[in-house]
Amino acid sequence: MADNATYSPEVTFIPAGTPPHRARTSAAPAVLPLALGVPVVAWQALFFAAPLVFLIVITFWQVKSFRLEPAFVLDNWSRILGSGTFHSALIHTLVVASTTTVLALLLAFPAAYTIALRLPIRLRDLAVAMLVVPVFSSYMLRIYAWQIVLSPEGMTNSALQWLGVGPLPLLGGGFSLQIGLLTLTLPIAVLIITFALSGVDPTLIEAAENMGYRRSRVIAHVLVPSVRPALTLAATTTFLLAFGDYVSPLFMTGSRPPTLSILIVDTVKSGSQWPRASVIGVAMLVVLAGVFGLGRWFVSRGMKR
Amino acid sequence: MKRDSLTRLSRTLQYTWVLALFVFIAAPMLVIIVFSFDANRFPTIPWGGFSLEWHRAIFNDEMVIDAFVNSAVVGLGTAVFSTLLGFAAAYIDYRWRFRGQSSFVLLVAIPPAVPATILGMAMLAFLSRVGLFGRTETIMACHVAIAASFAMAIIRLRLGELGADLEQAAWNLGASPFTALMRVVVPFCKPALIASFFLSAAVSFDEFMIAWFVGGVHETLPVRILNLLQGQVNPKINAIGTVVLVISITLVLVAQRFVGVKAGRTAATEPP
């Protein structure tokens, strides 16, 4: 089982490019792969790929008397890319997502370090299981809960008042926004780094310790470099989630100032300016692709050294 | 001596940090549950006393019941179709080498990486154009496009552990590829199939952006909550939230029971 990662079992007995059992399937060699593959491709094409392609197409369309009409105009692009609202929302969203990324990595690494290298295996498995749950459940509800906790008449302020401290404006600023975005991103960041750190060869750490390295140097010179791809993955994932999130900006700051996601939803739900909303969406995807490209470049540069 | 106490201090700090992390993660869920039983209209301290009033109220709220039924239907459909598509995609990737293989895998794997706001808008624009807007089936179909990614990942991991000789033995014994698939591969993948069933249901049960965009008048439970949240303070929200929390956490935990997610190694395991 251990060397599963080093070879792929199928390669060892199926020569690439040839059917594995020509004799038996010679009558209709491609029936099974087609029967399995066509529904998958069709489904993903219709409900995923086509909508995204259409999103790009309608950025060139026009809205005439509240109806979307095919055209080829660059007006939507020039309007959005030239608009001050878009610029400030873009910068705001970039700053917010970058802040979340830095915070998430700083907060996640020590926790992942302890979970992966300090906790006994049973507790480690429990911690991982508890981290997986919030990734797949009830994000919106948890943001609502933070709203209750942080609001002016909410729990924290009632408790503070009881202690004689005046109500603090906890909700509606960068602080509450980061609380919300960390609620979304921190479990995933911790999980990714925990998996990577548990995979680090213990003899590597021992060797460094035997050479008299202190803990801080072991972390800086052995652990961090060997989990560099995972740190990059955690960073890009965190950025992606924070950059595209709609719920935290909506409930933690009341959409002020708006992020790009807020701008999209407002443009779609309030008016019929589909093409312009699509321009914002495509611009966001370009930014995210850039961030992923940057991440890949960063990892490959680290591999070469 | 000094080194020892320093080490102890450092360990204490490390464990405290992990504990703080879990408090941060669990606190919002506990707030929802605790205050759903609060007699006060607005959730605050001090607690207004125990009450089942809001839990009772949601059972008389027809919109909530409708939304719950929609969510259940969409979730169940998503679970079935994601698992089927996820299995097909994982098996193709495991079994055959072909040109465009990485594009094929990406087509299934990548949807969760696209922000739901953008994907929701794109789906709404395209699907309303082809006349699929505003149906429960459409919400389900869109959820499948996302959840199949997780199903494929789980099942592909399990397939990686299938001994290469097992399927081959079945062929040598005269089984057709289809028979070998159904008699050997599918039973071997059973825990992963069950896990992806429940995880896909959880993904669908939690998704609101796409459901909100493409559902039209058909609200799922998260969409109902979103609409309630944008209105006035409503003490029913905590009660609905408690129900949703219990269901979605259960789904994820059941999924995890069938696929042991363990740091260091990830293995699909048969539960005892």
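This is a predicted model: local features need pLDDT of at least 70, side-chain atom pairs count only at pLDDT 80 or more; totals for chains, interfaces and linings use all residues.
Residues are numbered from 1 along each chain as its sequence is written, while chains are lettered from A and ligands numbered from 1 in the order in which they are written.

**Confidence in chain A**

- Take care with residues 1–27 of chain A, where pLDDT stays under 50.
- For that stretch the model has 20 contacts beyond four places in sequence; two residues are in contact if their C-beta atoms, placed from the backbone, lie within 7 Å.

**The two chains side by side**

- Chain A has 15 helices and two strands, and chain B has 11 helices and two strands.
- Here helices (H or I, at least four residues) and strands (E, at least two) are DSSP runs, numbered from the N terminus.
- Read chain B from the N terminus and you get α-α-α-α-α-α-α-α-α-α-α-β-β.
- Along its principal axes, the C-alpha trace of chain B spans about 75 × 70 × 35 Å.
- Of the 305 residues in chain A, 40% are buried; for the 272 residues of chain B the figure is 49%.
- A residue is called buried if 20 or more other C-beta atoms lie within 10 Å of its own, exposed if 12 or fewer, and partly exposed in between, with C-beta atoms placed from the backbone.
- Looking at contacts with a separation of 6 or more, residues 24 or more positions apart account for 71% of them in chain A and 78% in chain B.

**Where the chains meet**

**The nonpolar core**

- The largest nonpolar core has 170 residues, and Ile193(A) and Met123(B) touch the most other members.
- Such a core is a set of buried Ala, Val, Leu, Ile, Met, Phe, Trp, Tyr and Cys residues joined through C-beta atoms within 7 Å.
- Helix H6 (residues 136–159) of chain B supplies the largest share of this core, 16 residues.
- Leaving out residues up to four places away in sequence, Ile193(A) touches Ala108(A), Phe109(A), Ala112(A), Val227(A), Ala230(A), Leu231(A) and Ala234(A).

**Helices, straight and bent**

- Helix H8 (residues 177–206) of chain B spans only 37 Å between its end C-alpha atoms, while a straight helix of 30 residues would span 44 Å at 1.5 Å a residue.
- That expected span is 1.5 Å times one less than the number of residues.
- H8(B) bends by about 60 degrees at Lys190(B), with a proline, Pro191(B), following within four residues.
- A bend is the angle between axes fitted to the seven residues ending at a residue and the seven starting there.
- Helix H5 (residues 84–117) of chain A has end C-alpha atoms 49 Å apart, which agrees with the 50 Å its 34 residues should span.
- H5(A) still bends by about 30 degrees at Ala108(A), and Pro110(A), a proline, follows within four residues.

**An enclosed helix in chain B**

- Helix H5 (residues 116–129) of chain B has 14 residues, which should span 20 Å; its end C-alpha atoms are 19 Å apart, which agrees.
- H5(B) is largely enclosed by the rest of the structure, because 12 of its 14 residues are buried.
- Among the buried ones are Met121(B), Met123(B) and Phe126(B).
- After H5(B) comes Gly131(B), whose phi is positive, near 75 degrees.

- Ala169(B) sits in helix H7 (residues 164–172) and is partly exposed, because 13 other C-beta atoms lie within 10 Å.
- Phe104(B) is in helix H4 (residues 101–109) and is partly exposed too, with 19 other C-beta atoms within 10 Å.
- Phe258(B) belongs to helix H11 (residues 236–258) and is buried, with 22 other C-beta atoms within 10 Å.

Key: pLDDT is the predictor's confidence in each residue, from 0 to 100.
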